[in-house]
Each structure stands twice: as C-alpha cells, then as structure tokens.
Amino acid sequence: MKEKLIIFDTTLRDGEQSPGASMTREEKVRIARQLERMRVDVIEAGFPAASPGDFEAVKAVAGVVKESTVCGLARALERDIDRAGEALKKAASARIHTFIATSPIHMERKLRMAPEQVVEQAVKAVKWARRYTDNVEFSPEDAGRSELDFLCRVLEAVIDAGATTLNIPDTVGYSLPDAFGALVRDLKARIPNADKVVFSVHCHNDLGLAVANSLSAVINGARQVECTVNGLGERAGNAALEEIVMAVRTRQDVFACETHIDATQIMPASRLVAGITGFAVQPNKAIVGANAFAHESGIHQDGVLKSRETYEIMRAEDVGWTANKMVLGKHSGRNAFRTRLRELGIELESEEAVNAAFTRFKEVADKKHEIFDEDIHALISDEVALLEPEHFKLVSLKVCSETGEIPRARVVISENGAEKRAEAPGSGPVDAAFKALETIVGSGAELQLYSVNNITSGTDAQGEVTVRLAKGGRIVNGQGADTDIVVASAKAYIHALNKLHTNLERLNPQL
Ligand code: KIV
Ligand code: ZN
C-alpha cells in the first residue's frame, strides 16, 4: 500500500481571495458538499476573523460536512484563533490553520517584528490553537523567500508546541521546481522532530509553476498539497486540484503516494465553482477545459480510433466528462427525476425544493426535449439561487430585435411582491433588458463581467449566464440559466441585484 497524499482544498478561502470571486454562505456550503463528495481530505472553508460573513460561512460548512476535515484560517493571534475555534465548534473533524510570515522582507516591512518575536508568536499561536483541537496546521508565510536556518528554527519550535501539519507556502509564486523540492527535502532532513508532522505545500501560480512546484515537493516528501478547483486563488491562483490529482494518479510510476479522491467528481466540481464565481475555465485548461480531451488533427483522431492509448494518457470519463448522454425527457416522471438527482449526488434541502426543481425540469424539457446531466446541474443551480431571499423577481420579459432596428426590451419584475414594469432601448437585446431592469431598480451598479456559456452542445442548449456587479466596494456574482439567453441574462442580473440588496456576499475577502 502506498502512502496517502492528503488533498487540502482551499477554494473557499484562498480561491475566494480572487477579486470578484466572493461567495455567499449558501454557495460555500454547496461547493463544500461537492468537495466532500469528491473525498477531499481537508476543506479550508474560510478565515473566520476576516468578517462576520466569513465566520458564518465557516460555521455553516462545519455544520454540514461530515466526511472531510473542516479547517479555518487564523493569523497567529489569539483573537483570530478564538474566532476559528468558535466557528468550527460543530465540525465532525476540525483543523485550525495558523500562520505568520518568516521571510526577512515580510518580518521587517510588514510585521515590523524581530525574528525572535516571530518565533515566540508562532509558538504561542500553536499552543493556543491546541486548546480547540489537536489538529493544528502552521504556515510560515512566504517560506519560499525565507532563510533556511530560520525556517528550521521556527518549524522545530512549532512542532514542539503541538503543530501536526507544517505547510510550506510559496506565497508569491517565486520558487522554481528543483529548489522548492529541495527546500522540502532539506527541511525534513534538518528539523530533528520532523517525523512527528505531515509536510504540506501551498504554491501560487505567479510564474505558472504552482503545480510543478507542488509535485516536486511531493517527490521530495511532502504528503499534503494545498490546492483549489480550477486553480482559482489570489492573483494568478493556486495549484489546480484537478492537475495535482490526475498527475499523481497518471504517473504512479514516479510518485510514492496516492490520493483518495473520487476523480469522477472533478468535472461537476469544476462546473460548480466556475458557475458560482463567474471565473470561466479556458478551453485549453488541463483536465477540465472543453478541449482537454478533444482530438482535432486527423493523425490523432486516426490513432485514437485505432487504439485510445496512442494519444490519450487519461480517460475523459475518469474525471467526470460524460458523453452528453440523454438521461431524461419531457415524459420522465418525478421518480425518474429524483433518482437521477440521487445518481448525480445532488441533495436538495427539502421536498419543496425537489418539487420546485421538478417543475423547472418540466419547463426546460418542454422546450428542449432531451435533458442531459449538465442541464440538470444548471437547473438545480438556478433553483438553489431562487431559494435565496428574493427581493426582486422576474415576472416577464419581452424583447424585440430586428435587423436595422434598435432593440427594445420590456420587463416586468416584482419588488417585494409589488409588480413594476419598464421598457428601454439598448445596443442589443441583453443591453436593452439590463437597461429596462435598471430603470426600475436604479441600483447604479457597475457591470464588471458578463459571460455566457452553453451547457451542452446544439442550438437548443441552455445558456448559463454570469453577471458580476460592483457597487460601493462590493462585488457580487449572479447566475441564470435558460434556453433563451436573454432570459438567462435577465435572471442572472436579478440574482446579482438580490445579492447586492441582501448583503449576501462576504464583504472583504482579501486578507
Ligand atoms: O499564500 C499563502 O502564504 C497563504 C497562507 C495563509 C498559507 O495563503
Ligand atoms: Zn495562498
């Protein structure tokens, strides 16, 4: 039996630090459930001391996740650790992750602390965290630019204080694979009590090397990798979970360890995170990009038809790409729908939610005839969005678009139950619909992102729209899906307006 490589997912914490990727508590819970389904070992759910919204989100995730360890981030400060401990109280398995910077530049210019003080504070923090859980992770922030002797000193001291995982972050994405692997190897060799802890790595992608650095560290003895779905994360992002998992799995000839991830859940996780955050996946992205398994050249196609292994090192279905299989149609009943939800691992909170989703399924099936798994995921996302508090609701939308004419939209919405209507011209039908909505709502929000993705192939496919609005320093994402992309766009815009109205998103995702 090979050693286990622990997969620590930080999509909900570092991933959320991408500007514009902030998530509501409900969205975090949905992603956390999917991570649990994927059998992620540790889910870093947020930074409880950052804001009350973050605290509530970590608490909510800790309340529902049963199979994965739930982790909260805390600076090496008693008040941060107390907040994390409090938020994680209900977790079946809890971890506190505390950190302090150890590089000369961070200690001098950011912390304004002497190295001695940093060691002392790190030790105090780890001891304090042990009051809440015996599962404590410590990170020397900016380890990639820290001095080796000093790192050894801090890390030896925090192991004695009770840390159980030591995470080595390349905070600014500065390291190169050989040197980063050697750093982990040297730390393990030089720290006398290193055998008492698991070594972990956390790499940023500023030079496009996050996955390469992480894998080099694994080859040199790291047994936990911190990563995010789709490589989301601060600046250029973190190491992509799907790339780490599939590299270790595909190259078992090289790695002395293996993950326990259910790789077939990778695609649903990727779609969910992309949909919720509005960070679309580039088509040529490894594993989860639309072209990742598409063979265009004749020579490749010929080879694959003769023997798959000629050009394929992984199978698309192993990471959850389904072959757009028709699963349900307009005559499918409630039981078939419920069974498919169960097969897809979708759990709705209540009977009311299942009924609402079934009604929506019938509406989509009427228009589209063939319903694929992707359609079900999209309509469930739509329904879950509708279960959030709705101040504004789309009642009807009419758009007129004709060559040579200025497009116009007429929209009716209900605001707190009262119907309001407006009409507006626009440079296109979507623009006209948004202008008509703004005539009623007058939010004055800035439209930062508008993206449309087709959920399945064909012109009858549903379009999934993401709208990002910014107002007064707040940024929210709204989603909507429909076979009519103008309707999907209006739904997404209204979803974002509702979030702005109800303060649902986390206010300050940056550290
Ligand atoms: O990049 C980083 O250093 C971090 C730490 C908090 C682990 O995100
Ligand atoms: Zn980070």
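Modeller: I begin with a helix pair: α2 (residues 52-64) and α3 (residues 78-87) pack at about 35 degrees, their axes 8 Å apart. Axes here are lines fitted to C-alpha atoms, for helices over the stretch in contact, and angles run from 0 to 180 degrees between N-to-C directions. Helices (H or I, at least four residues) and strands (E, at least two) are DSSP runs, numbered from the N terminus. F55, V58, K59 and A62 of α2 meet R83, E86 and A87 of α3, where contact means heavy atoms within 4.5 Å. By class this contact has four nonpolar, no polar and three charged residues; Ala, Val, Leu, Ile, Met, Phe, Trp, Tyr, Cys and Pro count as nonpolar, Asp, Glu, Lys and Arg as charged, and the others, Gly among them, as polar.

This is a predicted model, in which local features need pLDDT of at least 70 and side-chain atom pairs pLDDT 80 or more, while totals for chains, interfaces and linings use all residues. Residues are numbered from 1 along each chain as its sequence is written, and side-chain values use heavy atoms, with hydrogens and water left out.

Now the domains. The chain is divided into domain 1 (3-277), domain 2 (322-385) and domain 3 (388-502), with bounds from an automatic or database domain assignment. The C-alpha centres of domain 1 and domain 3 lie 38 Å apart, and their contact takes 10 residues from domain 1 and eight residues from domain 3. About 670 Å² is buried between the two, 35% of it from carbon and sulfur atoms; buried area is the accessible area (1.4 Å probe) that two parts lose on being put together, summed over both. G20, E27 and G275 supply 47% of what domain 1 buries against domain 3, more than any other three residues.

One salt bridge crosses this interface, the term meaning a side-chain nitrogen of Lys or Arg within 4 Å of a carboxyl oxygen of Asp or Glu. E27 pairs with K499 in a salt bridge, with 2.5 Å between the closest N and O atoms. On the domain 1 side, α1 (25-37) and α10 (266-277) each supply at least two of the residues that touch domain 3. The largest share, three residues, comes from α10. That side divides into three nonpolar, five polar and two charged residues.

The whole structure has 31 salt bridges. In one of them, D41 meets K4 at 2.6 Å, N to O. D41 lies in the loop between α1 and β3 (42-46) and K4 in strand β1 (residues 3-4), so the pair ties together parts that are 37 residues apart in sequence.

Definitions and conventions
Chains are lettered from A and ligands numbered from 1 in the order in which they are written.
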